[in-house]
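This briefing walks through selected helices, strands and sheets of one protein model. Please keep the sequence and the structure in view while you read.

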Amino acid sequence: MLLHLVAEFDLQRDVVPWLAARGWAAALDTFENSSALYIVNVERNGKIIYTWKGNQRNTHIGLYDLQTKQNEHLYMFERDLRIISCSVNNERTLLAVSFRQYTEEERVSRLLQSVSKYLTLLIEIHPINNVRVLKAVDSCVRVQFLYPVEGRNTSTESRLLLVSEDKYIEQFDIHVVAEEEHKVVIQNSGQLPRSRVADDLIWAQWDMMEQRLFYIVPKESRSTLKCVQFYPDENWNSILESHLDISVNDTQLKLVNFGYDYCQDQDVASESLNLQVFTSKAGGLCVCCSLASDIPDEITYSIYFLHKGYNKTFTVSLERTESHQLKEVAFMNLDYYVAAYLPGQFLHLLNIQHPDLLCYSLFLTGEDARIDMLQNCSIQSPFMSTVLDCHVGSMYAVSISDSALLQFLQNSKRDSERLAALHCALLYFRHTEDLEMQIIWWISENLSTCHSFDPIQEFIIASLYCRMCPETHNLDKLLPYTSLLDWIGIIPGVTCATDIISLPVLEREDRRTTTYLRNIFENAKKVLSHLDTWDSEERLVPLFQEEDYQQQLLMGLMVAQLKDHLMRHLQYVGKKIIDQIVLDYVAKLLYLVHRIMKEVWRRYQLHSCIFCFDERGSAGEFAVFHIMSRILEAASGMCLPLPPGFHTLHLGLGVRCLPLHTLLHYIDNGVLHLTETCVRKLLKDLDNTEKNEKLKFSIVMRLPEALGQKVRQFWNHPINANFVARKYVKLLLEKLGNGQCSRPIPERRSVPVEFLPLNYLTNMLAEIENQGVHPHEKQDRVNVRFVEETALKHTVMLLGLKYS
């Protein structure tokens, strides 16, 4: 099961034994009946309010503290009441209770038509003193105390929200005063001050953690979502207004997180809007709505990603359509994901931060979607990563199982599932070393099975994103999350319609060459200095042991461009902080490549140094070579720098593992890059057998001009001498053709050679040398006599003669 649930609270486990020990339980066997013991509210500090019937059918209210695991008795009514709503203030001195006094049948039978059906009370409970009536009406009322910020000192003022079934919300201001013997009483002797917060609403949700009120007001053909923020030292302020294209039922008010009257909520659910609003730590704001469908074997639900400007509507074809199983979709807040869950059918995890492409969302069916503890949809998500099952009376901490996610990744056959699981693992389980290692192992085994994306590219980019974004606000909007530009894949059995809201944000690139090229190599040095603190264990792979001009250039350019990009959008952060962010980003990029290399190095048990060219490579070395080729392909596709020494190591493995024709093919096609370190070692260490001579000559002939001049001097061989001599003659004659010297008059040398063409050539070259045209001034061994000697040796070898 992908979702892992832990019961943080259970009425039968945490409350019933406490009641039985104090003799407050008349008949424990009846507690399975929802009218005997049930949850009525969950407060911001994690305290759960519940109610039960005592021995004489008294109605009790209790409180369970999730942190201390302790129960507390708050109040008792000497009557059998149906508690609808209850809330206690932060100081636990005041209790607000709403209950039903009589049913309509009871009022008729007792001739009590003039008596209100519902009553809302404000009770002093520290200690128990006065009781004040707030509402006596025929419509249902929910109550909720506002809570101050964490760590705030005890306040002499409490504020209470009252939500009426008549579709309005008002706030009561309650001042208390401490008297003798630690008594706390309400200071106002007359009417409590109150003010209207909202009118004409048809749906409302309380965000207890952020102290926000979301509500919907119908307006003609569409509805308006509004949000009110309550502050600890002020009143309130409207912070959001957004239009939603949702057809709403205006017959009955639906409330979310304003207490849990199970019986009433079941009646309301069938007629009202199934909608919840979720916020996330990363700034996400989502509206989740289950929509009615005319087709019996289909379920439709919409997710409004208000922070992104996307509205996605999903239609799911159900596998089994038994009527008793079809219930409304339940939504859960998992911070970076929103879960849409239909028991027995599907579990859909939608990525909040990147909702544009479906390949970042996990759609599970069958056994993968099963959640044993949640077999009905009477659940709500009062806190982030928390689910409350109102019917059962349990609250669960919900998390994504890393082992189940990894197993799903390994068993998936579709690219969409693999990509979604990969991103979920990196985003949800940040910096988990063991999981990251297993992901790298999976990547090394599935390089050729992913057809729609490059797993190495996705691992590097997504890991960088997850490492950098929590450190700086708004950085998630500026750094790449994926290497993909679009996705054309589909989820079987699911259709998706997307409505895009244009956001008033335009980015224009102002490319200034001088900005990008300034201090390029200085930037690269700063990046590499960030990696000098690695311990010896990190040096298992022989990287970062040489200078690499090309990679340093890429590093410096990346630093310059990213710095320029962030400076335009994070002007409030400051230049020093942005410099640090950019250097960290590029350094962590190099670290991630090294991290992949280290894990595959360990997996195939390679030694710390494999630069020994007189042996063939093992099967493990060939596997690592293949992985390095894919890393190079991934990096080249995104113009990403690689750690210095990567190309040297890659070439060394290629020499050991590949036959000569394949090796040369890889070099000619840019898969293998000739580096000075590797070529120099190859020329010096290999002897001059026929096979090695062929390898060396093939390598030398492919060297770039500048590199060739550096490394050919390390190969003392006639073939190399012939090449150097030919190059020397060519350069001298090019100088002569450009008119840089006058044409010489041939003269015979003191020891003439009995081969007139060569004799003439050497005289001409000598004259050019005498005039100061020396193209190889730094190489003393290259001169006319060297050319003459080399030519004679080469001629004798071609004729098959002996040379003395």
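A polar contact is a pair of N or O atoms within 3.5 Å; within protein, one of the two must be able to donate a hydrogen and the other to accept it, and residues adjacent in sequence count only if both atoms are side-chain atoms. Helices (H or I, at least four residues) and strands (E, at least two) are DSSP runs, numbered from the N terminus. The model is predicted, so that local features need pLDDT of at least 70 and side-chain atom pairs count only at pLDDT 80 or more, while totals for chains, interfaces and linings use all residues. Residues are numbered from 1 along each chain as its sequence is written, and side-chain values use heavy atoms, with hydrogens and water left out.

**Helix α7**

- D454 caps the N-terminal end of α7, where a side-chain oxygen lies 2.9 Å from the backbone nitrogen of I456.
- Helix α7 covers residues 455-468, and its 14 residues reach 20 Å from the first C-alpha to the last, close to the 20 Å expected at 1.5 Å a residue; the expected span is 1.5 Å times one less than the number of residues.
- Of the 14 residues of α7, 14 are buried, where buried means under 20% relative accessible area, exposed over 50%, and partly exposed in between (1.4 Å probe, protein chains only).

**Helix α1**

- At the start of α1, a side-chain oxygen of D10 comes to within 3.2 Å of the backbone nitrogen of Q12.
- The buried residues of α1, which spans residues 11-21, are L11, D14, V15, V16, W18 and L19, and what covers them includes the strands β1 (3-10), β2 (37-42), β3 (47-53), β4 (59-65) and β5 (70-77).
- After α1 comes G23, which has a positive phi near 70°.

**Helices α9 and α11**

- Helix α9 (residues 520-529) packs against helix α11 (residues 575-603) at an angle of about 65°, with the axes 9 Å apart; axes are lines fitted to C-alpha atoms, for helices over the stretch in contact, and angles run from 0 to 180 degrees between N-to-C directions.
- In this packing, N523, K526, V527 and L528 of α9 meet L583, V586, A587 and L590 of α11, contact meaning heavy atoms within 4.5 Å.

- Strand β25 (residues 337-342) pairs with β26 in the antiparallel sense over six bridges, where two strands pair if DSSP finds at least two bridges between them.
- L342 has F346 in β26 as its bridge partner, and in the hairpin of β25 and β26, with three residues between the strands, G344 takes a positive phi near 80°.
- β26 also pairs with strand β27 (residues 362-365), in the antiparallel sense over four bridges, and L349 stands opposite L362 in β27.

**An open sheet of four strands**

- Four strands form an open sheet in the order β6-β7-β8-β9, and the pairing is antiparallel.
- β6 (82-88) and β9 (128-137) stand at the edges with a single partner strand each, so one side of each has no neighbour in the sheet.
- Six bridges join β6 to β7 (residues 94-100), and I83 has F99 in β7 as its bridge partner.
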